[in-house]
Amino acid sequence: MLEVEQAVVAYDGRPVLDGVSLKVAPSEVVAILGANGSGKSTLVKAALGLAPLVGGEVRLFGTPLRRFREWHRLGYVPQRIGAGSGVPATVREVVAEGRLARRGFLRLPKPADRRAVGEALAAVGLADRAREPVSVLSGGQQQRVLIARALAGAPELLVLDEPTAGVDAASQEAFAVCLHRFVDQGGTVVFVAHELGPLRPLITRAVVVHHGEIVHDGAPPETDNDHVHPHAGAA
């Protein structure tokens, strides 16, 4: 699904990732953990082409990133931002954007598109808020809108960058239920987190990033207080 080989990313000549390699297989739920500034979000951005590589290579679904075009197979939720991005829009309109990569920008929505949007809204518990402006929602609800937008495209791989950071407990629980359903349907998930919370039972594997290097790849830490795995101290 996702392969990162010897990735090097540098900003202003300072290495942020230093020869990082990561492989994600179908149906895995991989948590990328680490302290602030460790490089965990940069790893995700590099895997999606959002952070340019100085060295190394990325492949999505077996295709080199530079030639990858099947973006409908991938759903991405960035770090928490205003879901409306300053543009007046309803919840349904924002979620409907998730269908664009699958249907194309110039084609009108079909019944299948409207159905997918409705199902995505229901999955995150916001079906009753579909006609409301995104701007009136809480921060946690806006994050759920972004997750619904990613789900609406029916991706095979879902990549999320700190999806529960600063989000209320109710939204975290709703997201965990939604993600559980996605995984049960055969989806693959990679997400960046500072704390695992209600997502812990879903995780099949944890990757800990420390100073731009992977220092642990295996069982998740036992508690959120141990999100920087003991191996990181040795590194």
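**Figure 1. Sequence separation of contacts and overall make-up of the predicted protein model.** Of the contacts in the protein that join residues at least 6 apart in sequence, 67% are between residues at least 24 apart, a contact being defined by heavy atoms within 4.5 Å. The secondary structure comprises seven helices and ten strands, taken as DSSP runs numbered from the N terminus, with helices being H or I of at least four residues and strands being E of at least two. Buried residues account for 49% of the 235 residues, where buried means under 20% relative accessible area, exposed over 50% and partly exposed in between, with a 1.4 Å probe and protein chains only. The protein exposes about 11200 Å², of which carbon and sulfur atoms supply 52%; accessible areas follow the Shrake-Rupley method with a 1.4 Å probe, and for residues only the protein chains shown count as cover. The model is predicted, so that local features need pLDDT of at least 70 and side-chain atom pairs count only at pLDDT 80 or more, whereas totals for chains, interfaces and linings use all residues. Residues are numbered from 1 along each chain as its sequence is written, and side-chain values use heavy atoms, with hydrogens and water left out.

**Figure 2. The aromatic cluster of Phe61, Phe68 and Trp71, linked by ring pairs.** Rings of Phe, Tyr and Trp (its six-membered ring) pair if their centres lie within 6.5 Å, and planes under 30 degrees apart count as stacked, over 60 as edge-to-face and the rest as tilted; by this rule there are two aromatic pairs. Phe61 and Phe68 form a stacked pair, because their ring centres are 5.9 Å apart and their planes lie at 15°. The rings of Phe68 and Trp71, with centres 4.9 Å apart and planes at 90°, are therefore edge-to-face. Phe68 is buried at a relative accessible area of 1% and Phe61 is buried at 15%, whereas Trp71, at 35%, counts as partly exposed.

**Figure 3. The charged end of Arg73 over the ring of Phe61.** The charged end of Arg73 sits 4.0 Å from the centre of the Phe61 ring, the criterion being NZ of Lys or CZ of Arg within 6 Å of the ring centre and within 35 degrees of the ring normal.

**Figure 4. Glu28 in the loop between strand 2 and strand 3.** Strand 2 spans 14–24 and strand 3 spans 29–33, and Glu28, in the loop between them, is buried with a relative accessible area of 17%. A polar atom of the Glu28 side chain lies 2.8 Å from the backbone nitrogen of Ala25. Leaving aside residues up to four places away in sequence, Glu28 touches Lys23, Thr188, Val189, Thr204 and Arg205.

Notes. A polar contact is a pair of N or O atoms within 3.5 Å; within protein, one must be able to donate a hydrogen and the other to accept it, and residues adjacent in sequence count only if both atoms are side-chain atoms.
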